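Hello,

Here is the structure I promised to pass on to you. Have a look at it first, and then read on for what turned up.

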Amino acid sequence: MRELSLNVMDVAQNSVRAQASLVRIDVSESDREDNLTIAISDNGCGMTDEQVQQVIDPFFTTRTTRKVGLGVPLFKLSAEQTGGSFDIKSKVGEGTVTTASYVKSSVDMTPLGDINDTVKILIQCNPDIDFVFTHSTDLGSFALDTRELREVLEGVSLDTPDVLAWIAQFLEENTQNIYGGAEN
Amino acid sequence: MKSLAELQAIRDRAKAQLDLRRENPNAARVLVGMATCGIAAGARPVLNAFTEEIAKRGLTKDVTVTQTGCIGICQYEPVVEIEIPGEEKVTYVKVAPEMVPRIVSDHLVHHQVVSEYTIGAIK
């Protein structure tokens, strides 16, 4: 994957398939601590310890259309190749938390990329699921919570084009703020 | 800064327009393959290109753009399937954003399949 935001889109879809009604994506960056951490949490069906071991194995997949499953292994590799770490915590019936932690200054660091686009597309393609996205840097943080948007929207779907445009701009403006006003 | 007040205005407009799309049984569907293979091959800009082109042409009530999983032809990703009620499903392969305006105009508007972009053209 060329951008970590693509790994996030991929792994977040596992949450969708696990019938989650709420998916959290938390990105925290710190130049001071030379760290970037991405956590994807859901309240989906969860996995047993044995299943967690299986999803890390590239030659395991629950699909029948093909024999390999590379989503989680690629995400894990992206973190570990920087000297960071990777972890999946899951409980059947409660949900799953996937955490990838990166050493930002590593030469093998993949750029975060357009994470806002990932969030927008996840909402667009899954308008009935709630997403909470938080992004923090040394300069500040912000959050987008579709549950709050839903309250305002009173039944108007999140995938209405004008609503998606509002979401995209909200994300962009807030991202500029936490990057110190510079284009990212 | 984007405010919730602005979102309220969008809501009121959307309600006034009465979103026909949900009730439109004849809506066409554009399905973009967005599993690991599709994403890695560049499906995200393709999905965005479809969304933009369809909005530009004012087709949002007639066409929905959404994602689908892997259909087992990873070597041909990004794969896009187009379903128009009453017509045969068409599978486009190795789709790039530059190909999207033509697919929208020829296929979704004028019902002419762009044969050279389909899976049949490369097999």
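**A glutamate in a loop, and then chain A**

Let me start in chain B, where B:Glu87 sits in the loop that links strand E3 (80–83) to strand E4 (90–92). Please keep in mind that this is a predicted model. Is B:Glu87 buried or exposed? B:Glu87 has 12 other C-beta atoms within 10 Å, and a residue with 12 or fewer counts as exposed, so B:Glu87 is exposed. In sequence, B:Glu87 and B:Ala28 are 59 residues apart, yet their C-alpha atoms are 9.9 Å apart in space.

Now to chain A. Its make-up is six helices and six strands, in the order α-β-β-α-α-β-β-α-β-β-α-α from the N terminus. Along the principal axes, the C-alpha atoms of chain A occupy a box of roughly 40 × 40 × 25 Å. The radius of gyration of chain A is 16 Å, which agrees with the value near 16 Å for a compact globule of 184 residues. Of those 184 residues, 40% count as buried. Among the contacts in chain A with a separation of 6 or more, 65% are between residues 24 or more positions apart.

- With strand E1 (residues 22–30) of chain A, E2(A) pairs in the antiparallel sense over eight bridges. A:Asp26 has A:Ala39 of E2(A) as its bridge partner. The hairpin of E1(A) and E2(A) has four residues between the strands, and there A:Asp34 takes a positive phi near 50°.
- With strand E4 (residues 95–103) of chain A, E2(A) runs antiparallel, joined by eight bridges. Here A:Ile40 has A:Thr98 of E4(A) as its bridge partner.

Finally, the interface. How many residues of chain A are in contact with chain B? There are 27, and they are in contact with 25 residues of chain B. On the chain A side, the elements that give two or more residues are helix H1 (4–17), helix H3 (71–80), helix H4 (115–125), helix H5 (146–153) and helix H6 (161–178). H6(A) gives the most, with seven residues. By class, this side of chain A has 15 nonpolar, five polar and seven charged residues.

Enjoy exploring, and best wishes

Key
Residues are numbered from 1 along each chain as its sequence is written. Chains are lettered from A and ligands numbered from 1 in the order in which they are written. This is a predicted model: local features need pLDDT of at least 70, side-chain atom pairs count only at pLDDT 80 or more; totals for chains, interfaces and linings use all residues. Two residues are in contact if their C-beta atoms, placed from the backbone, lie within 7 Å. Ala, Val, Leu, Ile, Met, Phe, Trp, Tyr, Cys and Pro count as nonpolar, Asp, Glu, Lys and Arg as charged, and the others, Gly among them, as polar. A residue is buried if 20 or more other C-beta atoms lie within 10 Å of its own, exposed if 12 or fewer, and partly exposed in between; C-beta atoms are placed from the backbone. The radius of gyration is taken over C-alpha atoms; the globule rule is 2.2 Å times the number of residues to the power 0.38. Two strands pair if DSSP finds at least two bridges between them.
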